[in-house]
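Subject: A structure for you to look at

Hello,

I am passing a structure on to you, and below it I have written up what turned up in it. Please open it in your viewer and follow along as you read.

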Amino acid sequence: NRDSNYITAESGIGYALGIIGGSLMLILLMYPISKRIRFLSMLLPLRYWFGVHMMFGILGPVMILFHSNFHLGSTNSTIALMSMLLVAISGLIGRYIYTNIHHGLYGKRITLNELKLELESKNTELLYIYKLNSNLNKLMSAMEARALKEYTGILKSLVDAASISFNARRLESRLIRTLNRAGNNDETTALPDHEVAKKFINRYTTTLQKIVAFRIYERMFSLWHILHMPLFVMMIITAVIHIFAVHMY
């Protein structure tokens, strides 16, 4: 219903939405500032400032969209709107990356040591299985070496992730064949059934994949930080120019 002009940017509720939405976008600065000013972090814990940042980062752009009545106006208003949308999209991307290197949205940051300890606990479940077959042992060792090696770049890590995913299927099929042979030869009665063994393998390979993915997301998050702040500054500048232009001319 934008062509019905129920809302106009020049007056009434449309004008008010522009003021409120712009103010909310300015308040977004409180989160990075609170990281550097101790008084603010004492006034409100950092995770709550982050919650405010996330909430206003959605409400602000929505209000601005209604303020503009979903129209592209003059050149300066169009540039300001596009800058805001770029920042909002960048924030959503950053939120997705953030949740992959933290325990949930408001949890503490995951560490590589945590993931390594998780891998060790999964590894103990398989100790009595892969000893039955030296090829299983070699394959698992190769997969671990690939997952735990030093970070060498996003593209290389993506290749490592694809390789581990592919080898996870090989590992599972080899394990099933090993269990079948061991069962037929009555080598042991302590082996788990196939479904339990598959669960062991899935938990183990999933942890390996999480380690590789963690390295990728960690690097992506640092690159995202470099991009997000200039976009935000550009949005503030274009918004100030827009406000000045519409009130002066």
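Let's begin with the aromatic rings. Tyr-31, Phe-50, Tyr-98, Phe-221 and Trp-224 are linked into a cluster by ring pairs. Before you go further, please keep in mind that this is a predicted model. A search of the whole structure finds 6 aromatic pairs, and two of them are worth a visit.

Start with Tyr-31 and Phe-50. Their ring centres are 5.2 Å apart and their planes meet at 55°, so this pair is tilted. Tyr-31 sits in helix α2 (residues 30-34) and Phe-50 in helix α4 (residues 46-67), so you will find the two partners 19 residues apart, in distant parts of the chain. Are these two residues buried or exposed? Tyr-31 has a relative accessible area of 14% and is buried, because anything under 20% counts as such. Phe-50 is buried too, with a relative accessible area of 8%.

Now move to Phe-221 and Trp-224. This aromatic pair is stacked, with 5.5 Å from centre to centre and 15° between the planes. Both residues belong to helix α9, and because they are 3 residues apart there, about one helical turn separates them. Phe-221 and Trp-224 are both buried.

Next, step back and look at the whole chain. Among the contacts in the chain with a separation of 6 or more, 72% are between residues 24 or more positions apart. The accessible surface of the chain comes to about 14,800 Å², and carbon and sulfur atoms account for 65% of that.

Finally, there is some empty space inside. Rolling a probe the size of a water molecule over the atoms shows where such space is left. The search of the whole structure finds 1 cavity of 30 Å³ or more, and the largest cavity has a volume of about 60 Å³. Which helices each supply at least two residues of its lining? They are α7 (134-148), α8 (154-184) and α9 (194-248). Residues that line the largest cavity include Arg-146, Glu-150, Tyr-151, Asp-160, Val-212 and Arg-215. By type, the lining residues divide into 5 charged, 3 nonpolar and 2 polar.

Enjoy exploring, and write back with any questions!

Best wishes

Conventions:
Residues are numbered from 1 along each chain as its sequence is written. This is a predicted model: local features need pLDDT of at least 70, side-chain atom pairs count only at pLDDT 80 or more; totals for chains, interfaces and linings use all residues. Side-chain values use heavy atoms; hydrogens and water are left out. On a 1 Å grid over the protein atoms alone, a cavity is a set of points where a 1.4 Å probe fits but cannot get out, and a pocket is an open set with protein on both sides within 12 Å along at least five of seven lines; lining residues have an atom within 4 Å of a point. Grid points are joined across faces, edges and corners, and a volume is the space filled by probe spheres set on the points. Helices (H or I, at least four residues) and strands (E, at least two) are DSSP runs, numbered from the N terminus. Ala, Val, Leu, Ile, Met, Phe, Trp, Tyr, Cys and Pro count as nonpolar, Asp, Glu, Lys and Arg as charged, and the others, Gly among them, as polar. Contact means heavy atoms within 4.5 Å. Accessible areas come from the Shrake-Rupley method with a 1.4 Å probe; for residues, only the protein chains shown count as cover. Rings of Phe, Tyr and Trp (its six-membered ring) pair if their centres lie within 6.5 Å; planes under 30 degrees apart count as stacked, over 60 as edge-to-face and the rest as tilted. Buried means under 20% relative accessible area, exposed over 50%, partly exposed in between (1.4 Å probe, protein chains only).
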